[in-house]
Amino acid sequence: MLYSDIGKPIKKVDNDIKLSGKAKYAADYNISEMLYARTVRSSCSRGRIKSIKIPALPEEYFVITAADVPGKNRIKFLTDDWPFLAEDKINYYGEAILLLVGADRALLKKLADEVKIVYEEIPAIFTIEEALNNVKKPIYGTDNKFADYKYEKGDVKTAFAKAATIVEEKYSTGYQKQAYLENQSMIAVPGKAGKITIYGSMQCPYYVKNALIQAIGIDSSKIQVVQTVTGGAFGGKEDYPSLLAGHAAFAALKTQKPVAIFYDREEDTAYTPRRHPAEIIFKTALDGENNILGVKADVKLDGGAYAGISEVVLQRSIYNICGVYSIANLQITGAVIATNTVPNGAFRGFGAPQSIFAIEMHMESLARKAGVSAIDYKMRYMAKQGDTTATDGVFYDEIKLPEMLAKVDQISDYSKKKKMYGEQPQFHKGIGISLFLHGCGFTGSGEQDIIKAKLKLCKKKNSQRVEIFAANVDMGQGLQTTFRKIAAKALAIPLENIDFPYPDTDKVPDSGPTVASRSIMIVGRLLQKAAEKLKQRWHEDNDIEIIQDYEAPARIKWDGGKSLGDAYPAYAWGVNVVETKVDPLTYEVTVTGIWTVFDVGQPIDERIIEGQIQGGVVQGLGYAGMEVMTNDSKGHSRQNNLTNYTIPTAMDFASIKNCLVESSYEDGPYGAKGAGELTLLGAAPAYAAAVGQAMRIHIDRLPITAEYILDEVIKHG
Amino acid sequence: MVKSFMPKTLAEALKICDEHDVCPIAGGTDLMVRNHQSAGILPTFTKDMLFIKNIDELTVLEKKDMHLIIGANITLNRLLNWENTPQILHLALQEMAAPAIRNMGTIAGNICNASPAGDTLPPLYALDAIVCLKSIAGERELPIREFILGPGKTALKENELLTAIKIPIGDNNINFYKKAAMRKAAAISKVSIAMTAKKEKDKIVNIAIAIGAVGPTVVRLAEAEDMFIKNNENTGKVLPDIYDVYDRQIKPIDDIRSTAKYRKQVAMNLLHYVYEKCIK
């Protein structure tokens with residue numbers, strides 16, 4: 001099959017194995033002599049371990065503690081502070097202390113229940129406020145900040161000096177759990193001469209490999225990481241698999257047997273990273289006509305007990321704090337705060353959903369103050385091609401927001417309904433609109449300075465088949481299909497002649513992690529370039545190997561130290577409209593309409609993009625109104641399964657009507673940009689604006705539960 | 001290890017109940033979830049299990065004399081599709097759980113689980129449902145409000161089986177059901193209300209209102225209902241007193257799903273709606 005139009009949908013190449021049940025997930029591996037590891041966790045949220053009493057273990061049952069970590073007992077992140085297994089210090093309820101390993105999982109559970117750990121408790125810190133008020137001993141450094149950022153643009157001092165009024169508002173957002181179908185799963189298999197092979201559900205095989213090199217203190221050649229079919233990830237399998245692979249590897253090294261760790265839903269929900277709760281404060285200087293002179297914003301993310309990758313999450317929060325608006329004078333501060341709770345991590349949107357919600361609601365509020373419609377007020381500040389970004393970079397490409405707004409208004413009747421619902425408060429109906437962008441790929445200079453992606457393409461002599469060697473994974477988002485389409489089109493050969501095995505670090509170069517909506521735009525572009533080179537050499541009568549390195553687009557300038565310049569090479573854009581009806585008796589929200597318009601550049605497969613939109617918008621609506629996750633007084637998650645952590649079902653929302661605008665990005669494959677994360681960002685603010693109109697309240701937090709709506713209704717009389 | 005019994009007749013089952021300390025299981029949609037373990041570990045039941053699915057006598061579903069008889073094996077889905085299911089119960093079943101659970105779960109199980117948030121309970125309270133209990137020694141019948149004693153607690157004796165539910169056939173012509181929950185399917189109720197009433201010549205001559213998830217058991221207040229019916233010529237006068245009765249006796253709690261404040265407010269909102277709008 002040849003492609004003239006790459007966007008035209010094809011059947012995903014893994015549909016059959018997934019629908020038939022043939023796909024082999026980690027838990028389907030049946031390796032002879034395989035043992036299981038069960039994690040024994042802390043029941044104390046902060047303290048020191050005074051003693052551990054392990055029950056008598058039967059033969060062929062083992063205990064793995066921090067003392068069994070051959071190398072450095074810290075997971076390799078930007079800051080190496082998170083131990084694989086606790087040494088003496090405990091920083092959160094549920095922290096892994098030791099593993100029990102053996103063949104019978106029921107017996108392991110019984111033994112684990114008999115482990116007695118005594119703690120010396122230290123008063124724990126559970127909130128951002130407590131972490132900053134200096135009453136309790138800091139968890140991290142002297143100020144409890146894992147990261148602390150500040151940047152400015154323009155002249156914020158003069159702007160505030162000239163202000164007629166200054167509007168100050170605070171927004172807060174809650175946890176969100178990735179709730180992938182397949183829980184975290186990892187298997188380590190010991191090989192010859194100290195080699196360890198990892199099979200598991202993951203987004204970033206090389207993160208896992210590099211983490212193990214450090215943790216085992218071993219040569220790179222001794223660690224092989226193979227991704228297994230992965231049943232969803234949403235960021236949740238970016239950071240945590242490094243920890244899990246460590247556990248499995250330590251156990252495999254000690255027992256010299258294959259060791260599997262398969263989390264169940266309870267363990268996965270309660271103890272693995274979630275989206276960072278955020279507190280965001282805007283102080284906006286307005287002139288006499290309520291025009292924005294300047295904005296001061298402060299973002300605080302609850303990082304949990306260890307730094308992990310939170311600093312990078314914060315970067316995305318603070319660099320996207322202005323949403324789609326070009327604001328001349330800015331002063332932005334941001335910090336990741338340490339608390340004695342489960343460390344937070346990556347989740348689709350990566351710090352941006354919190355900021356986009358806050359700026360969109362702030363703009364709603366400013367519009368009300370100015371006495372104009374939200375959309376008119378937003379349009380005053382909407383960025384155009386050539387305008388500067390929050391970090392004083394440049395929006396190089398055309399911004400199609402005006403066209404997208406016109407389109408969404410046409411399909412949703414937004415303007416008419418907004419007016420109508422405003423005049424009919426008795427019906428408790430509302431409609432909200434959100435405008436948003438997503439910086440595609442890594443923040444800042446990560447691609448050229450840290451990742452340095454490399455992709456390989458091979459064709460054997462006398463063969464018509466081409467094999468893609470890349471470390472990027474299919475986790476359900478369709479990369480197995482889209483990468484093949486890109487290669488097939490560039491080579492003008494049938495898709496069936498392209499091989500793209502699941503990544504195995506012994507075979508594939510490091511083309512970087514499967515994160516940050518980068519796989520298509522960055523790695524897909526390398527693939528296209530490599531395929532075009534291979535096509536030129538197709539006639540050669542020998543094996544051909546093409547290695548394609550990443551080259552940063554020439555126009556990108558970034559100074560990370562100053563947070564100055566182009567934080568992203570390109571932006572994808574979205575406009576969402578959500579219509580709601582609120583039951584005035586129960587304060588329950590019904591979503592009666594969803595309309596979306598996206599600019600993701602050229603879709604590599606329209607149906608796959610449609611899938612991203614359906615999933616992203618619904619996940620965003622879950623974040624907005626449904627997904628409540630809280631800790632009890634010991635910092636222990638009150639939600640631990642999919643009955644009490646409620647994610648949306650197919651019954652919950654109206655169907656989504658979507659349009660894509662025609663667009664092309666010069667540095668993406670066939671014009672494609674990132675799409676995966678963008679689709680989640682706009683749902684929450686559009687939903688919040690709709691509920692706000694329906695109930696005549698101002699929404700300043702997520703999730704918007706019925707209980708919260710009741711409180712606001714009482715407050716507003 | 002626990003034992004499993006799979007009798008084919010009720011007589012056999014009752015004998016097993018008499019001789020062993022067993023836990024009856026029909027659809028298992030509560031019991032399997034409550035006792036499930038991590039992957040690779042069998043569910044851990046603490047008692048021997050009595051599987052009642054093969055007992056034909058418990059699979060009756062019929063209209064008999066003045067009652068509907070619903071056997072203990074009748075699934076939620078079967079009731080959802082039965083033409084004689086009272087409308088108020090039907091309304092609750094439509095929103096209950098999800099198809100897979102409705103295909104396995106039974107109404108008898110929902111009763112014996114005795115959760116204050118059990119979805120079929122408010123309609124059953126409002127319908128004056130009766131549970132039929134049998135043991136080797138004989139049989140007895142109890143109104144559902146006397147059978148359910150508290151969260152997870154029932155009046156079922158160790159050697160007894162709940163064999164059927166009897167619902168008096170009524171001719172109520174107004175029904176209202178509302179469940180507030182986190183989502184529209186597969187959700188546990190935060191608060192729910194079931195109302196069934198009969199209107200004759202513009203007058204309400206019969207009304208039953210049951211509220212779920214606002215106390216240890218479903219709340220149905222005969223005192224309030226009687227006040228309303230006695231004053232059905234001029235209900236406006238007594239409504240404040242009626243609400244006062246509810247206000248005093250609805251005492252919800254905070255839990256993982258919701259707050260006492262929300263439950264109380266929503267229950268009162270719904271009561272106002274029911275008394276002032278629904279039956280107008």
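Into which domains is chain B divided? In this predicted model, chain B is divided into domain 1, covering 4-50 + 57-168, and domain 2, covering 175-278. Chain A is divided into domain 1 (31-122 + 184-262), domain 2 (278-443 + 562-715) and domain 3 (446-549).

**Chain B: domain 1 and domain 2**

- The C-alpha centres of domain 1 of chain B and domain 2 of chain B are 25 Å apart.
- Domain 1 of chain B contributes 20 residues to the contact, and domain 2 of chain B contributes 23 residues.
- On the side of domain 1 of chain B that touches domain 2 of chain B, at least two residues come from each of α4 (87-95), α7 (121-126) and β8 (148-150) of chain B.
- That side of domain 1 of chain B comprises 15 nonpolar, 2 polar and 3 charged residues.

**Chain A: domain 1 and domain 3**

- The centres of domain 1 of chain A and domain 3 of chain A, taken over C-alpha atoms, are separated by 32 Å.
- In this contact, 19 residues of domain 1 of chain A meet 13 residues of domain 3 of chain A.
- Two or more residues of the side of domain 1 of chain A that touches domain 3 of chain A are given by each of α5 (205-216) and β11 (223-227) of chain A.
- By class, that side of domain 1 of chain A holds 8 nonpolar, 8 polar and 3 charged residues.

Note on methods: Residues numbered from 1 in each chain as written. Chains lettered and ligands numbered in written order. Predicted model: local features only at pLDDT ≥ 70, side-chain atom pairs only at ≥ 80, totals over all residues. Domains from an automatic or database assignment. Contact = placed C-beta atoms within 7 Å. Helix = DSSP H or I, 4+ residues; strand = E, 2+ residues; numbered from the N terminus. Nonpolar A, V, L, I, M, F, W, Y, C, P; charged D, E, K, R; others polar.
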